[in-house]
Amino acid sequence: MNPLLLDFPDSFDTDRLTIRAPRPGDGTQLNAAIHDSQAELLPWMPWAKTLPSLEDSEANIRKAIAQFIAREDLRLLLFLKGTGTKVGSSGLHRIDWTVPRFEIDYWVRTPFAARGYITETVAAITEFARTHLGARRIEVRAAEKNPRSWRIPEKLGFLHEGTLANWQRDSEGGLHDQRVYAKTF
C-alpha cells in the first residue's frame with residue numbers, strides 16, 4: 001500500500017473538540033500555546049527550552065502540513081469545538097505503514113490541563129487510526145516521572161509493555177526512563 005494514495009479525513013470531532021490537520025496561519029495559535037505552557041512542557045519536551053518566534057511557529061506548521069500530505073507524520077491540532085481556541089497538539093508519529101503502526105504523542109495548553117481533553121483526544125485518535133488508517137498497533141510513550149501523561153493510556157486500556165531505562169534526555173540534559181504502552185488490533 002502506498003500511503004500517498006490514502007484518502008482519509010483531515011478533521012474530526014469529539015464531544016468537546018475539533019481535531020484536525022494543521023493549516024496555514026495556525027502558527028499564531030501554536031506560538032501562543034507554547035508560550036502559555038512553557039513551564040509545564042519544559043521538563044518533558046526539550047524543544048520547549050527556547051520559545052519560538054511567530055515566524056518559527058508558522059514555519060513549523062508549514063513543515064507539518066507538508067509531512068501530513070506526504071503521509072510521513074500526521075500532526076493533529078486540538079481546538080475547542082465551535083470556537084477555534086487551541087487546546088493542544090497531538091498526532092500520529094513514527095509511522096510504519098507496513099504494519100501499520102503509529103505512536104500518539106500529546107501536550108495540552110496549560111489553561112486546559114486536567115480537564116480530560118487529552119484522554120478524549122487519545123481515544124478519538126486511536127479510533128481514527130484503527131478505522132481510517134488500518135492501524136494494527138498504536139503506541140503511547142511517556143516519561144516515568146510524568147504520571148499525568150502515562151495515566152492516560154492506562155485509563156484507555158493500553159497495555160504497559162515495559163519501561164525503557166535511560167531512554168531520553170530531558171531539557172536539562174538528565175536521563176529519564178520512558179514507559180511504553182500499546183494497543184493492538
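Colleague: Which residues of helix 4 (residues 147–155) are buried?

Modeller: The buried residues of helix 4 are Ser 149, Trp 150, Ile 152 and Pro 153.

Colleague: What makes the buried residues of helix 4 line one face?

Modeller: Seen down the axis of helix 4, the buried residues fall within an arc of 135°, so they line one face of the helix. The arc is taken from the directions between the helix axis and the C-beta atoms. In general, an α-helix has 3.6 residues a turn, so residues three or four places apart point the same way.

This is a predicted model, in which local features need pLDDT of at least 70, side-chain atom pairs count only at pLDDT 80 or more, and totals for chains, interfaces and linings use all residues. Residues are numbered from 1 along each chain as its sequence is written, and side-chain values use heavy atoms, with hydrogens and water left out. Helices (H or I, at least four residues) and strands (E, at least two) are DSSP runs, numbered from the N terminus.

Colleague: What covers the buried residues of helix 4, and what follows helix 4?

Modeller: The cover includes strand 5 (101–108), helix 3 (117–133), strand 6 (137–143) and strand 8 (175–184). Helix 4 is followed by Gly 157, whose phi is positive, near 80°.

Colleague: Why is Leu 17 called buried?

Modeller: Buried means under 20% relative accessible area, against over 50% for exposed and partly exposed in between (1.4 Å probe, protein chains only). Leu 17 has 0% relative accessibility and therefore counts as buried. Leu 17 is part of strand 2. Beyond four places in sequence, Leu 17 touches Phe 12, Phe 79, Leu 80, Lys 81, Val 87, Tyr 117, Glu 120 and Thr 121; such a contact means heavy atoms within 4.5 Å.

Colleague: What makes Ala 124 a buried residue?

Modeller: The relative accessible area of Ala 124 is 16%, so Ala 124 is buried. Ala 124 sits in helix 3. Leaving aside neighbours within four places in sequence, Ala 124 is in contact with Phe 12, Thr 14 and Ile 19. Ala 124 and Leu 17 are 107 residues apart in sequence and 9.9 Å apart in space, C-alpha to C-alpha.

Colleague: Which members of the largest nonpolar core touch the most other members?

Modeller: Of its 37 residues, these are Leu 92, Phe 102 and Leu 133. Strand 2 (17–20), strand 3 (74–80), strand 4 (86–96), strand 5, helix 3, strand 6 and helix 4 each supply at least two residues of this core. Helix 3 gives the most, with 8 residues. A nonpolar core is a set of buried Ala, Val, Leu, Ile, Met, Phe, Trp, Tyr and Cys residues joined through side-chain atoms within 4.5 Å.

Colleague: What does Leu 92 touch, not counting residues up to four places away in sequence?

Modeller: Leu 92 touches Asp 73, Leu 74, Phe 102, Glu 103, Ile 104, Ile 125, Phe 128, Ala 129 and Leu 133. A second, separate core of 11 residues includes Ile 34, Leu 41, Ile 61 and Ile 65.

Colleague: How many residues line the largest pocket, and which lie nearest its centre?

Modeller: The lining holds 48 residues, of which Leu 41, Met 45, Asp 105, Tyr 106 and Trp 107 lie nearest the centre. Strand 5 provides the largest share of this lining, 6 residues.

Colleague: Why is Arg 71 called buried, and what is its phi?

Modeller: At 12% relative accessibility, Arg 71 counts as buried. Although Arg 71 is not a glycine, its phi is positive, about 65°. Arg 71 lies in the loop between helix 2 and strand 3.

Colleague: Where is Asn 166 found, and which peptide bond is cis?

Modeller: Asn 166 is found in strand 7 (residues 159–169), and has a positive phi of about 50° although it is not a glycine. The bond from Val 99 to Pro 100 is cis, with omega near -15°. Pro 100 lies in the loop between strand 4 and strand 5.

Key: 1 Å grid on protein atoms, 1.4 Å probe; cavity = no way out; pocket = protein on both sides within 12 Å on 5 of 7 lines; lining within 4 Å.
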